[in-house]
Amino acid sequence: MKKVKNTIKGLFLATTILLTVSCSNDDNSNTNEVVIEASALPETARNFISTHFPDATYRRIEKQSIPDDDGSIYDVYLSNGFEIDFDANGNWTDIDGGNTAISTAIIPEPITAYVTANYPNLFITTIEIEPTGYDVELSNDLDLVFNPQGEFVRIGN
């Protein structure tokens, strides 16, 4: 009986340790980022926001110590629901409007022209700068891929 109790205790301890270790790298507790004030954003990023989102306020700004794959360092969350990622120089790398249209003043003209001509009842809700060009998501969740010049390449995944 004592052997069974020790085995159960051992299994319990091993399970507890395993669960603790497996949960220690939770995506929601990213130690790679800190919350910062707007004044700590590069001037280029602050100017971009004040130009294209003049009525929005900053809800939260996070700075990462390690850049994302696309070079993003800053994640800016605005009061209008937009999330904008910027690189270390303050250039946008990703704009996510949720279900809201992104201003055509931000989107390269050839991309806007293509979407308007081919999807007249839809609008762009997300645009990302990729190493190979642009990845765009439309209001119906369709992904489109464009080259660096803004020319349509293919429908994405």
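Student: What is the strand order in the open sheet, and how are the strands paired?

Tutor: In this predicted model, nine strands form an open sheet in the order β1-β2-β3-β4-β5-β6-β7-β8-β9, and the pairing is antiparallel.

Student: Why are β1 and β9 said to stand at the edges?

Tutor: β1 (33–35) and β9 (152–155) each have a single partner strand, so one side of each is left without a neighbour in the sheet. From one strand to the next, the twist averages 20°.

Student: How do you know that β2 and β3 are paired?

Tutor: Pairing requires at least two bridges between two strands. Strand β2 (residues 58–64) and strand β3 (residues 74–78) are joined by five bridges, so they count as paired, and they run antiparallel. Among these strands' residues, Arg60 has Tyr77 in β3 as its bridge partner.

Student: Which helix packs on the sheet and touches β2 and β3?

Tutor: Helix α2 (residues 43–52) does so, and it also touches β4 (83–86) and β5 (92–96). The direction of α2 makes about 155° with that of β4. Helix α3 (residues 109–118) lies across β6 (124–130), β7 (133–138), β8 (143–146) and β9, and runs at about 140° to β8.

Student: What makes one side of α2 its buried side?

Tutor: Ala45, Phe48 and Ile49 are buried in α2. They cover an arc of only 95° around the axis, which puts them on the same side of α2. An α-helix has 3.6 residues a turn, so residues three or four places apart point the same way. The cover over the buried residues of α2 includes β2, β3, β4 and β5. The face turned away from that buried side carries the exposed residues Glu43 and Thr51.

Student: What makes the contact between Glu62 and Arg60 a salt bridge?

Tutor: The criterion is a side-chain nitrogen of Lys or Arg within 4 Å of a carboxyl oxygen of Asp or Glu. For Glu62 and Arg60 the N to O distance is 2.6 Å, and therefore the pair qualifies. A search of the whole structure finds one salt bridge.

Student: Is each partner called buried, exposed or partly exposed, and why?

Tutor: Buried means under 20% relative accessible area, exposed means over 50%, and partly exposed lies in between. Glu62 has a relative accessible area of 7%, so Glu62 is buried. Arg60 is at 41%, so Arg60 counts as partly exposed.

Student: How many helices and strands does the protein have, and what pattern do they follow?

Tutor: There are three helices and nine strands, and along the sequence they follow the pattern α-β-α-β-β-β-β-α-β-β-β-β. Of the 157 residues in the protein, 33% are buried. The protein exposes about 9,900 Å², and carbon and sulfur atoms supply 53% of it.

How values were computed:
Residues numbered from 1 in each chain as written. Predicted model: local features only at pLDDT ≥ 70, side-chain atom pairs only at ≥ 80, totals over all residues. Heavy atoms only, no water. Helix = DSSP H or I, 4+ residues; strand = E, 2+ residues; numbered from the N terminus. Axes fitted to C-alpha atoms, helices over the stretch in contact; angles between N-to-C directions. Contact = heavy atoms within 4.5 Å. Buried < 20%, exposed > 50% of the residue type's maximum accessible area, 1.4 Å probe, protein only. Areas by Shrake-Rupley, 256 points an atom, 1.4 Å probe, with all protein chains shown as cover. Arc of directions from axis to C-beta.
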